Amino acid sequence: MSDERVEMTAFITAKPGKEVEIKAALNKLVAETVKEPGCILFRILEDLENPGRFVLWEIFQNRDALRVHMEKEHTRDYFSLGLTAGTQVMKLKTV
């Protein structure tokens, strides 16, 4: 187990025609994820100049907390919807 926090930023693009649906799904994911004990930050923002493009900021206490998050039903449900045209994830650390 690593005690080092996990910080990531994800850039998410909705499939064409799925902008409203993905926004609702992301908001539901955020509402459930922030309740997880290992979640420090989980925030979604929409690009005002490019509707359907989102930035997700997430910080978990450690890798175990992230693993638990990825196994949660609400996380699996979000991914099963298949609403994204693409996602780019950046793993980050404070300098």
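Modeller: Two strands pair if DSSP finds at least two bridges between them. Strands (E, at least two residues) and helices (H or I, at least four) are DSSP runs, numbered from the N terminus. By that rule β1 and β4 pair over eight bridges, in the antiparallel sense. The model is predicted, so local features need pLDDT of at least 70 and side-chain atom pairs count only at pLDDT 80 or more, while totals for chains, interfaces and linings use all residues. Residues are numbered from 1 along each chain as its sequence is written, and side-chain values use heavy atoms, with hydrogens and water left out.

Colleague: In what order do the four strands of the open sheet stand?

Modeller: The order is β2-β3-β1-β4, with antiparallel pairing. β2 and β4 (84-92) are at the edges with a single partner strand each, so one side of each has no neighbour in the sheet. Ignoring direction, neighbouring strands are turned by 15 degrees against each other on average.

Colleague: How many bridges join β2 to β3?

Modeller: Seven bridges link β2 (residues 39-46) with β3 (residues 53-60), and the two strands run antiparallel. Their hairpin has six residues between the strands, and G52 takes a positive phi near 95 degrees there. On the β3 side, W57 stands opposite R43.

Colleague: And which residue of β3 is the bridge partner of I12?

Modeller: That partner is F54. Strand β1 (residues 6-14) pairs with β3 over eight bridges, again antiparallel, and T9 stands opposite W57. Towards β4, F11 stands opposite Q88.

Colleague: How many residues of β1 are buried?

Modeller: Buried means under 20% relative accessible area, exposed over 50%, and partly exposed in between, with a 1.4 Å probe and protein chains only. Seven of the nine residues of β1 are buried, so the rest of the structure largely encloses this strand. Helix α2 (residues 63-71) lies across β1, β2 and β3, at about 130 degrees to β3.

Colleague: How should I read the packing of two helices?

Modeller: Two packed helices are described by the angle between their axes and the distance between the axes. Axes are lines fitted to C-alpha atoms, for helices over the stretch in contact, and angles between N-to-C directions run from 0 to 180 degrees. Under 35 degrees counts as roughly parallel, over 145 as roughly antiparallel, 65 to 115 as roughly perpendicular, and the rest as oblique.

Colleague: At what angle do the axes of α1 and α3 cross?

Modeller: Helix α1 (residues 19-33) and helix α3 (residues 73-80) cross at roughly 165 degrees, their axes coming within 9 Å. They are therefore roughly antiparallel to each other. The contact, meaning heavy atoms within 4.5 Å, is made by I22, A25, L26, L29, E32 and T33 of α1 and H74, T75 and Y78 of α3.

Colleague: And how far apart are the axes of α2 and α3?

Modeller: They are 5 Å apart, with a packing angle of about 60 degrees. That makes α2 oblique to α3. H69, M70 and E71 of α2 meet E73, H74, T75, R76 and F79 of α3.

Colleague: Is H69 buried or exposed?

Modeller: H69 has 2% relative accessibility and therefore counts as buried. Leaving out residues up to four places away in sequence, H69 touches L29, T33, E36, F42, F60, H74 and T75. I40 is 29 residues from H69 in sequence and 12 Å from H69 in space, C-alpha to C-alpha.
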